[in-house]
Amino acid sequence: MRCPRCHESNTKVIDSRPVEDNFSIRRRRLCSHCDFRFTTFESIEEKPLLVVKRDGTREEFSDKKLLQGLVRSCEKRPIALETLENVVKQIESEVRQKEQNEVPSTLIGEMVMDILPSIDEVAYIRYASVYRHFEDPTVFLEEIKQLKAMQASNEDKIREEAKGKTEEN
(Lines give C-alpha, C1' and ligand atoms only; values in the text may rest on other atoms or scores of the structure.)
Protein backbone atom coordinates (compact mmCIF):
# COMPACT_ATOMS: atom_id res chain seq x y z
CA MET A 1 0.00 0.00 0.00
CA ARG A 2 1.48 3.34 -1.04
CA CYS A 3 1.71 6.25 1.38
CA PRO A 4 -0.68 9.04 0.34
CA ARG A 5 1.86 11.68 1.39
CA CYS A 6 5.22 10.54 -0.06
CA HIS A 7 4.03 7.64 -2.29
CA GLU A 8 6.53 5.24 -0.73
CA SER A 9 5.36 1.64 -1.11
CA ASN A 10 6.91 0.41 2.13
CA THR A 11 4.17 0.77 4.78
CA LYS A 12 3.27 -1.44 7.69
CA VAL A 13 0.02 -2.22 9.45
CA ILE A 14 0.04 -1.04 13.06
CA ASP A 15 -3.59 -1.81 13.95
CA SER A 16 -6.44 -3.84 12.43
CA ARG A 17 -10.03 -4.10 13.54
CA PRO A 18 -13.35 -5.05 11.99
CA VAL A 19 -15.71 -2.29 10.94
CA GLU A 20 -19.27 -2.17 12.36
CA ASP A 21 -20.77 -4.27 9.58
CA ASN A 22 -18.16 -7.05 10.07
CA PHE A 23 -17.73 -7.21 6.29
CA SER A 24 -14.67 -5.01 6.17
CA ILE A 25 -11.49 -4.38 8.10
CA ARG A 26 -10.07 -1.02 9.10
CA ARG A 27 -6.28 -0.89 9.06
CA ARG A 28 -4.07 1.84 10.51
CA ARG A 29 -0.83 2.03 8.57
CA LEU A 30 2.51 3.71 9.09
CA CYS A 31 4.82 4.82 6.30
CA SER A 32 8.35 3.68 7.08
CA HIS A 33 9.78 6.53 5.01
CA CYS A 34 7.97 9.66 6.33
CA ASP A 35 6.20 8.25 9.45
CA PHE A 36 2.81 9.37 8.13
CA ARG A 37 -0.13 7.45 9.62
CA PHE A 38 -3.17 6.73 7.50
CA THR A 39 -6.20 4.45 7.42
CA THR A 40 -7.26 1.94 4.78
CA PHE A 41 -10.29 -0.31 4.54
CA GLU A 42 -10.33 -3.82 3.16
CA SER A 43 -13.59 -5.42 2.06
CA ILE A 44 -14.91 -8.30 0.03
CA GLU A 45 -15.14 -7.60 -3.67
CA GLU A 46 -18.72 -8.18 -4.68
CA LYS A 47 -20.22 -8.69 -8.11
CA PRO A 48 -21.82 -5.55 -9.45
CA LEU A 49 -25.54 -5.37 -8.80
CA LEU A 50 -27.48 -3.85 -11.69
CA VAL A 51 -30.78 -2.06 -11.22
CA VAL A 52 -33.21 -2.35 -14.12
CA LYS A 53 -35.07 0.95 -14.39
CA ARG A 54 -38.69 1.29 -15.53
CA ASP A 55 -37.59 2.28 -19.03
CA GLY A 56 -35.43 -0.86 -19.33
CA THR A 57 -32.07 0.84 -18.87
CA ARG A 58 -29.60 -0.61 -16.40
CA GLU A 59 -27.30 1.08 -13.94
CA GLU A 60 -25.15 -0.10 -11.08
CA PHE A 61 -26.83 -0.11 -7.66
CA SER A 62 -25.85 2.99 -5.72
CA ASP A 63 -26.35 3.09 -1.98
CA LYS A 64 -25.55 6.81 -2.15
CA LYS A 65 -28.37 7.42 -4.62
CA LEU A 66 -30.84 5.48 -2.47
CA LEU A 67 -29.71 7.38 0.65
CA GLN A 68 -30.05 10.67 -1.23
CA GLY A 69 -33.67 9.85 -2.10
CA LEU A 70 -34.43 8.93 1.50
CA VAL A 71 -32.77 12.08 2.82
CA ARG A 72 -34.80 14.17 0.40
CA SER A 73 -38.07 12.57 1.53
CA CYS A 74 -37.11 13.03 5.20
CA GLU A 75 -36.00 16.63 4.82
CA LYS A 76 -36.95 18.79 7.85
CA ARG A 77 -38.18 15.70 9.71
CA PRO A 78 -36.78 14.49 13.06
CA ILE A 79 -35.02 11.46 11.58
CA ALA A 80 -31.37 10.71 12.26
CA LEU A 81 -29.10 10.14 9.28
CA GLU A 82 -27.96 6.92 10.96
CA THR A 83 -31.53 5.59 10.75
CA LEU A 84 -31.63 6.24 7.00
CA GLU A 85 -28.18 4.68 6.53
CA ASN A 86 -29.43 1.57 8.34
CA VAL A 87 -32.44 1.40 6.00
CA VAL A 88 -30.11 1.57 3.00
CA LYS A 89 -27.89 -1.18 4.45
CA GLN A 90 -30.93 -3.35 5.17
CA ILE A 91 -32.31 -2.94 1.65
CA GLU A 92 -28.94 -3.55 -0.01
CA SER A 93 -28.41 -6.65 2.12
CA GLU A 94 -31.84 -8.06 1.26
CA VAL A 95 -31.36 -7.37 -2.45
CA ARG A 96 -27.90 -8.98 -2.49
CA GLN A 97 -29.24 -12.05 -0.66
CA LYS A 98 -31.49 -12.70 -3.64
CA GLU A 99 -28.27 -13.62 -5.48
CA GLN A 100 -29.36 -12.03 -8.72
CA ASN A 101 -27.12 -9.82 -10.83
CA GLU A 102 -30.07 -7.67 -11.88
CA VAL A 103 -32.94 -6.41 -9.78
CA PRO A 104 -35.87 -4.23 -10.88
CA SER A 105 -35.95 -0.70 -9.47
CA THR A 106 -39.57 -1.31 -8.53
CA LEU A 107 -38.47 -3.98 -6.03
CA ILE A 108 -36.16 -1.50 -4.30
CA GLY A 109 -38.89 1.16 -4.33
CA GLU A 110 -41.41 -1.22 -2.78
CA MET A 111 -38.90 -2.23 -0.09
CA VAL A 112 -38.49 1.45 0.81
CA MET A 113 -42.27 1.87 0.81
CA ASP A 114 -42.60 -1.07 3.23
CA ILE A 115 -40.05 0.35 5.69
CA LEU A 116 -40.78 4.10 5.65
CA PRO A 117 -44.22 4.10 7.34
CA SER A 118 -42.66 2.74 10.53
CA ILE A 119 -40.04 5.51 10.49
CA ASP A 120 -42.06 8.57 9.51
CA GLU A 121 -45.46 8.93 7.86
CA VAL A 122 -44.72 12.29 6.24
CA ALA A 123 -41.51 10.93 4.73
CA TYR A 124 -43.51 7.94 3.46
CA ILE A 125 -46.06 10.20 1.71
CA ARG A 126 -43.27 12.32 0.21
CA TYR A 127 -41.44 9.25 -1.08
CA ALA A 128 -44.67 7.71 -2.39
CA SER A 129 -45.59 10.91 -4.24
CA VAL A 130 -42.37 10.74 -6.25
CA TYR A 131 -42.17 6.96 -6.55
CA ARG A 132 -45.79 6.52 -7.66
CA HIS A 133 -45.94 9.77 -9.67
CA PHE A 134 -48.86 11.38 -7.84
CA GLU A 135 -50.47 13.87 -10.19
CA ASP A 136 -53.41 15.25 -8.22
CA PRO A 137 -54.48 15.71 -4.58
CA THR A 138 -56.99 12.85 -4.62
CA VAL A 139 -54.13 10.37 -5.04
CA PHE A 140 -52.49 11.85 -1.94
CA LEU A 141 -55.73 11.42 0.01
CA GLU A 142 -56.07 7.79 -1.09
CA GLU A 143 -52.50 7.05 -0.03
CA ILE A 144 -53.10 8.66 3.36
CA LYS A 145 -56.28 6.59 3.82
CA GLN A 146 -54.35 3.41 3.03
CA LEU A 147 -51.61 4.41 5.48
CA LYS A 148 -54.18 5.04 8.24
CA ALA A 149 -55.87 1.71 7.52
CA MET A 150 -52.52 -0.05 7.73
CA GLN A 151 -51.79 1.66 11.06
CA ALA A 152 -55.19 0.68 12.45
CA SER A 153 -54.61 -2.90 11.39
CA ASN A 154 -51.20 -2.94 13.09
CA GLU A 155 -52.67 -1.43 16.27
CA ASP A 156 -55.40 -4.12 16.28
CA LYS A 157 -52.75 -6.83 15.98
CA ILE A 158 -50.79 -5.35 18.89
CA ARG A 159 -53.94 -5.19 21.04
CA GLU A 160 -54.79 -8.82 20.20
CA GLU A 161 -51.27 -9.97 21.09
CA ALA A 162 -51.36 -8.03 24.36
CA LYS A 163 -54.78 -9.45 25.17
CA GLY A 164 -53.55 -12.99 24.46
CA LYS A 165 -50.51 -12.51 26.72
CA THR A 166 -52.72 -11.13 29.51
CA GLU A 167 -55.05 -14.14 29.30
CA GLU A 168 -52.06 -16.54 29.46
CA ASN A 169 -50.88 -15.00 32.74
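The legends below describe the whole chain and then several close-up views of a predicted model.

In this predicted model, local features are reported only at pLDDT of at least 70 and side-chain atom pairs only at pLDDT 80 or more, while totals for chains, interfaces and linings use all residues. Residues are numbered from 1 along each chain as its sequence is written, and side-chain values use heavy atoms, with hydrogens and water left out.

**Figure 1. The whole chain and its order of elements.**
The chain has 5 helices and 6 strands. Helices (H or I, at least four residues) and strands (E, at least two) are DSSP runs, numbered from the N terminus. Read from the N terminus, the elements follow the order β-β-β-β-β-α-α-β-α-α-α. The radius of gyration is 23 Å, well over the 15 Å that the globule rule gives for 169 residues, so the chain is more spread out than a compact globule. This radius is taken over C-alpha atoms, and the globule rule is 2.2 Å times the number of residues to the power 0.38. Along the principal axes, the C-alpha atoms fill a box of roughly 65 × 55 × 35 Å.

Of the 169 residues, 27% count as buried. Buried means under 20% relative accessible area, exposed means over 50%, and partly exposed lies in between (1.4 Å probe, protein chains only). The chain exposes about 12,200 Å², and carbon and sulfur atoms supply 49% of this area. Accessible areas come from the Shrake-Rupley method with a 1.4 Å probe; for residues, only the protein chains shown count as cover. The chain carries 29 positive and 33 negative charges, and their mean positions are 6 Å apart. Lys and Arg count as positive and Asp and Glu as negative, while His and the chain ends are not counted. The place of a charge is taken as NZ of Lys, CZ of Arg, CG of Asp or CD of Glu.

A nonpolar core is a set of buried Ala, Val, Leu, Ile, Met, Phe, Trp, Tyr and Cys residues joined through side-chain atoms within 4.5 Å. The largest such core has 28 residues, of which Leu66, Leu70, Ile91, Val95, Ile108, Val112 and Leu116 touch the most other members. Helices α1 (63-73), α2 (81-97), α3 (105-119) and α4 (121-131) each supply at least two residues of this core. In soluble globular proteins, nonpolar side chains tend to be buried together. Leaving out residues up to four places away in sequence, Ile108 touches Val51, Phe61, Leu66, Ile91, Val95 and Val103. Contact means heavy atoms within 4.5 Å.

**Figure 2. Cys74 and Ile79 in the loop between α1 and α2.**
Cys74 lies in the loop between α1 and α2, and Ile79 has its place in the loop between α1 and α2 as well. Cys74 is buried, with a relative accessible area of 6%. Ile79 also counts as buried, at 18% relative accessibility. Not counting residues up to four places away in sequence, Cys74 touches Ile79, Leu84, Leu116, Ala123 and Arg126. With the neighbours within four places left aside, the contacts of Ile79 are Cys74, Leu84, Ile119, Asp120 and Ala123. Ile79 and Ile119 are 40 residues apart along the chain, and their C-alpha atoms are separated by 7.9 Å.

Most residues other than glycine have a negative phi. Lys76 is not a glycine but has a positive phi of about 60°. Lys76 lies in the loop between α1 and α2 and counts as exposed at 79% relative accessibility. Glu99, also not a glycine, has a positive phi of about 55°. Glu99 is found in the loop between α2 and β6 (102-104), and its relative accessibility of 73% counts as exposed.

**Figure 3. Phe23 in the loop between β1 and β2.**
Phe23 is placed in the loop between β1 (11-18) and β2 (24-31). At 58% relative accessibility, Phe23 counts as exposed. Phe23 touches Glu42, Ser43 and Ile44, with residues up to four places away in sequence not counted. Phe23 and Glu42 are 19 residues apart in sequence and 8.7 Å apart in space, C-alpha to C-alpha.
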